[in-house]
Amino acid sequence: MTTTTYEHLAVPPPGERLTMEPPPQYLAGIINITNRCNLSCSHCYLYADGNPSDQNDQIPDEELLAEVERIRDRHGLTAMVWQGGEPMIRWRLLERAVKLFARNTITTNGTIPLRDFGPTVTYVVSLDGPQDLNDELRGAGVYAKARATIEAAPRDFGPTIQVQCVVTKANQHRVHELVEDLADSRVDGMTFSFYCPNKGERPPIAWADAREREQALDIVLDLKDRHPGFIWNARRALDLMRAPTAKLVTDRCPAVRTVIPLYVENRRIVTPLCCHGNNVDCDRCGTWVAFAHAAKMPGPWDEILPPETPYGFLAEMVTETALPRLRSEHERATA
Ligand code: SF4
Ligand code: SF4
């Protein structure tokens, strides 16, 4: 029997990533450009204990842009996810910031108008179930407001509009209502992420473990069968969330190796464990990015769920061979 090592999945120590030499290289960054938000969702991880999230802590525009540019060049980033708080509170900063990257994602709660920052941008609007369930978590009237924001985008709008839904134990049996509402709308496609609680927390919306979560996976897989072009989660990524492979993925979380998370604390950029912060329970993680990236790269999960097709660019990226190509594409796009 051969022993396989997975050195490409080695995780740089979170607190040291911004100073390590040589600098670890990542595919993308994910940055909270503001800790402020105009909502106060009950399931928000940003304001959980242990995360840097002082709402008054903000880096001024020029300083933030210069620092992001420096981090981009140091860590080889070709894409950035802009989030908060609510990033559209700082839309004038975003208008300039998206020019630093060939690909940009802006994660928004949809209550502030979307701006046409061009085709390099994907807006990811958060909607967590049909109207009543979404508004229970996000506040009264938020669903209608976000739907109106989406429908206000003109037909020639440059950015892609995606909806992301966090599936929970509370909304799993009604997420089909959300899909039915959005399938013929201005939304280009949607993804599902699965609720990830903080360590030690047992809220009613969380599953006890990956086995209990499988019923929600079956629901989403069934929706994907019915709306294959509209639901963008990869089937392999969803299958990897099942109990036999979930912990193999989260114990060597690919997202920590491919995406550098950037929070703001005391007017400085710092790196928490992952985009969910410092206190998250990896054993119950169903975050889209962790499993989407695992689906595209070799790992110990292959022994249980062998890939149907050869690995592509993410596998190349983590072995560094794709980075020069990605960087030259990025340079051309941002010239
Ligand atoms: S919109 Fe996002 S950042 Fe704001 S409170 Fe809700 S989950 Fe948190
Ligand atoms: S919470 Fe999920 S995405 Fe974050 S480090 Fe843990 S396994 Fe990875």
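Let's start on helix 4. On one side of this helix, A144, A148 and E151 are exposed. This is a predicted model, by the way. V142, Y143, A146, R147 and T149 are buried. What do they pack against? Strand 4 (121–126) and helix 3 (131–138).

Next, helix 5, residues 175–182. Its buried residues are V175, L178, V179 and L182. Here the arc around the axis is only 100°, so these residues sit on the same side of helix 5. The buried residues of helix 5 pack against strand 5 (160–167), strand 6 (189–194) and helix 6 (210–226).

Let's zoom out. The protein has 12 helices and 8 strands. The C-alpha trace spans about 50 × 50 × 40 Å along its principal axes. Of the 335 residues, 42% count as buried. Now contacts. Take those between residues at least 6 apart in sequence: 74% of them join residues at least 24 apart.

On to the core. In soluble globular proteins, nonpolar side chains tend to be buried together. Here, the largest nonpolar core holds 81 residues. Which members touch the most others? A28, C165, V167, V259, F291 and A294. Helix 10, residues 288–294, gives this core its largest share, 6 residues. Take A28 as an example. Leaving out residues up to four places away in sequence, A28 touches L77, A79, M80, V81 and V259.

Last topic, the ligands. Around ligand 1 we find C37, L39, S40, C41, C44, L46, G84, G85, E86 and N109. By class, that shell has 5 nonpolar, 4 polar and 1 charged. Ligand 2 is surrounded by 13 residues. The closest are T250, C253, C274, C282 and C285. How does the shell around ligand 2 divide by class? It has 10 nonpolar, 3 polar and no charged residues.

Conventions. Residues are numbered from 1 along each chain as its sequence is written. Chains are lettered from A and ligands numbered from 1 in the order in which they are written. This is a predicted model: local features need pLDDT of at least 70, side-chain atom pairs count only at pLDDT 80 or more; totals for chains, interfaces and linings use all residues. A residue is near a molecule or strand if its C-beta atom, placed from the backbone, lies within 6 Å of it. Ala, Val, Leu, Ile, Met, Phe, Trp, Tyr, Cys and Pro count as nonpolar, Asp, Glu, Lys and Arg as charged, and the others, Gly among them, as polar. A nonpolar core is a set of buried Ala, Val, Leu, Ile, Met, Phe, Trp, Tyr and Cys residues joined through C-beta atoms within 7 Å. A residue is buried if 20 or more other C-beta atoms lie within 10 Å of its own, exposed if 12 or fewer, and partly exposed in between; C-beta atoms are placed from the backbone. Helices (H or I, at least four residues) and strands (E, at least two) are DSSP runs, numbered from the N terminus. Two residues are in contact if their C-beta atoms, placed from the backbone, lie within 7 Å. The arc is that of the directions from the helix axis to the C-beta atoms.
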